[in-house]
Amino acid sequence: VGALVGLVCVGRTANPIIAGVSGVIYALLLSSLLEWGVHRYIYHGRTSVLGPLRRAHLLHHAAFTVKSYTVCPHEIAYQHHRERGLNLDAKIIRVGQVLVHWVVIALALTLPSWCLTRSFAFSCSATIIGGLFSLLNFYLHETMHRRTDRWITRTTFFRWIDTHHRGHHHNQRKNLNLVLPIIDSLFASKA
């Protein structure tokens, strides 16, 4: 929290380059915190808020176990769900998850960053990085479970974050971050 407050203070500077860089760092830290919180308290928590998304996420874990981490494509997973009487369309669930993340990003990054700094550079950079963070979250997650031959699968970063996410499928209370495990490290939720 202190780091976020410090970045907001720096973001109020008249220098747009410094404000923009502060907005990028602010967005990365806050996006990591929000990703961790949504994953921990909405997808794996006991809350009834956004229940269908929570149920879909838990079914995702049932379909993509440690043993079938990359074997079971989403369509088979959702067929598995329908056979159990759950009419969940994969596209609807994905759109719902993207919307939840975008709303969280908009409310938690864009509005406060503008209200606190009144800096166009800070707010724009925070919003853009937050949006890219959210899109990267879904791109990486889809790539991890579908095992397509995308260029990113050949990078060291992807292999590292894929291993981190596999740990989450082994223990659902650990490794809640997907893009950058900053908050997993800070909150000792890293496996």
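**Cysteines, cores and a loop residue**

Mentor: Start with Cys124, which counts as partly exposed at 27% relative accessibility. Keep in mind that this is a predicted model.

Trainee: And Cys115, buried or exposed?
Mentor: Cys115 is exposed, because its relative accessible area is 52% and the cut-off for exposed is over 50%.

Trainee: Switching topic. Which residues make up the largest nonpolar core?
Mentor: There are 12 in all, among them Leu7, Tyr26, Leu30, Leu34, Phe122 and Ile129. Helix 1 (2-11), helix 2 (16-43) and helix 6 (120-146) each supply at least two residues of this core. Helix 2 gives the most, with five.

Trainee: What does Leu34 touch, leaving out residues up to four places away in sequence?
Mentor: Val104 and Ala108. There is also a second, separate core of eight residues, including Phe133, Met144, Leu178 and Val179.

Trainee: Now Asn175. Where is it found?
Mentor: In the loop between helix 7 (156-170) and helix 8 (182-186).

Trainee: Is Asn175 buried or exposed there?
Mentor: Asn175 is buried, because its relative accessible area of 4% falls under the 20% cut-off.

Trainee: What does the side chain of Asn175 reach?
Mentor: The backbone oxygen of His164, at 2.6 Å. Not counting residues up to four places away in sequence, Asn175 touches His164, Gly167, His168, Asp184, Ser189, Lys190 and Ala191.

Definitions and conventions: Residues are numbered from 1 along each chain as its sequence is written. This is a predicted model: local features need pLDDT of at least 70, side-chain atom pairs count only at pLDDT 80 or more; totals for chains, interfaces and linings use all residues. Side-chain values use heavy atoms; hydrogens and water are left out. Helices (H or I, at least four residues) and strands (E, at least two) are DSSP runs, numbered from the N terminus. Buried means under 20% relative accessible area, exposed over 50%, partly exposed in between (1.4 Å probe, protein chains only). A polar contact is a pair of N or O atoms within 3.5 Å; within protein, one must be able to donate a hydrogen and the other to accept it, and residues adjacent in sequence count only if both atoms are side-chain atoms. Contact means heavy atoms within 4.5 Å. A nonpolar core is a set of buried Ala, Val, Leu, Ile, Met, Phe, Trp, Tyr and Cys residues joined through side-chain atoms within 4.5 Å.
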